[in-house]
Amino acid sequence: MDCRKLELTINSANDLREVRRIFKMKVYAKVFIGGNQVMEKRTPVDKHGQTNPAWNHTMKYSISESWLHHHGTMLVIKLYCKRKLGDRYIGEVHQSLKQLFDYAYPMGGSAMVCFPVQMGSAESQGQLCFTYRFGEKVAIEKQMLAESIASFLLTSTPSPSGSI
């Protein structure tokens, strides 16, 4: 199975929709690849930027090479405002991994991009900027992958208590 490393840095957003009337906006981002909830990662909460947050937070992923040849595999970045009574949704960015790869490949596999933040079918509410870099293609053998998953499961499984 062929894979690539993807290094994604969520840099900043600007002119976001104001979702709090009284208190300051404290914004963070959730990142999903291919709709996989297990691969979800988050930025720290920006407590100072309000509608113009900045994170410069880097996340690393290992992704299947086949995802880069299929327009349906999406990178989704959702923005939220942190609140005590439940976080409030601000908007999101959807981009095809294939489009991102095709755009960056001629430039050595990395790029900086800015996309409008959408909320449903409404007009955009600001923009989100991020940088990304795709690594070289690496072959991972299925047997080696299965063994590493099995060893992880064995070492992370708690031992039964009270055994004699």
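What follows is a conversation about the terms used for this model and the values behind them.

Modeller: This is a predicted model, in which local features need pLDDT of at least 70 and side-chain atom pairs count only at pLDDT 80 or more, while totals for chains, interfaces and linings use all residues. Residues are numbered from 1 along each chain as its sequence is written, and side-chain values use heavy atoms, with hydrogens and water left out.

Colleague: Why is the contact between Arg133 and Glu7 called a salt bridge?

Modeller: A salt bridge is a side-chain nitrogen of Lys or Arg within 4 Å of a carboxyl oxygen of Asp or Glu. The N to O distance for Arg133 and Glu7 is 3.3 Å, so the pair meets that definition. By this rule the count comes to four salt bridges.

Colleague: What parts does the pair of Arg133 and Glu7 tie together?

Modeller: Arg133 belongs to strand E8 (residues 127-134) and Glu7 to strand E1 (residues 2-14), so the pair ties together parts that are 126 residues apart in sequence. Strands (E, at least two residues) and helices (H or I, at least four) are DSSP runs, numbered from the N terminus.

Colleague: What makes the buried residues of H1 line one face of the helix?

Modeller: The buried residues of helix H1 (residues 97-104) are Leu97, Lys98, Leu100, Phe101 and Ala104. Seen down the axis of H1, they fall within an arc of 165 degrees, so they line one face of the helix; the arc is that of the directions from the helix axis to the C-beta atoms.

Colleague: How do you know that strands E5 and E6 pair?

Modeller: Two strands pair if DSSP finds at least two bridges between them. Strand E5 (residues 74-81) and strand E6 (residues 88-96) have eight bridges in the antiparallel sense, so they count as paired. Leu75 stands opposite Gln95 in E6.

Technical notes
Buried < 20%, exposed > 50% of the residue type's maximum accessible area, 1.4 Å probe, protein only.
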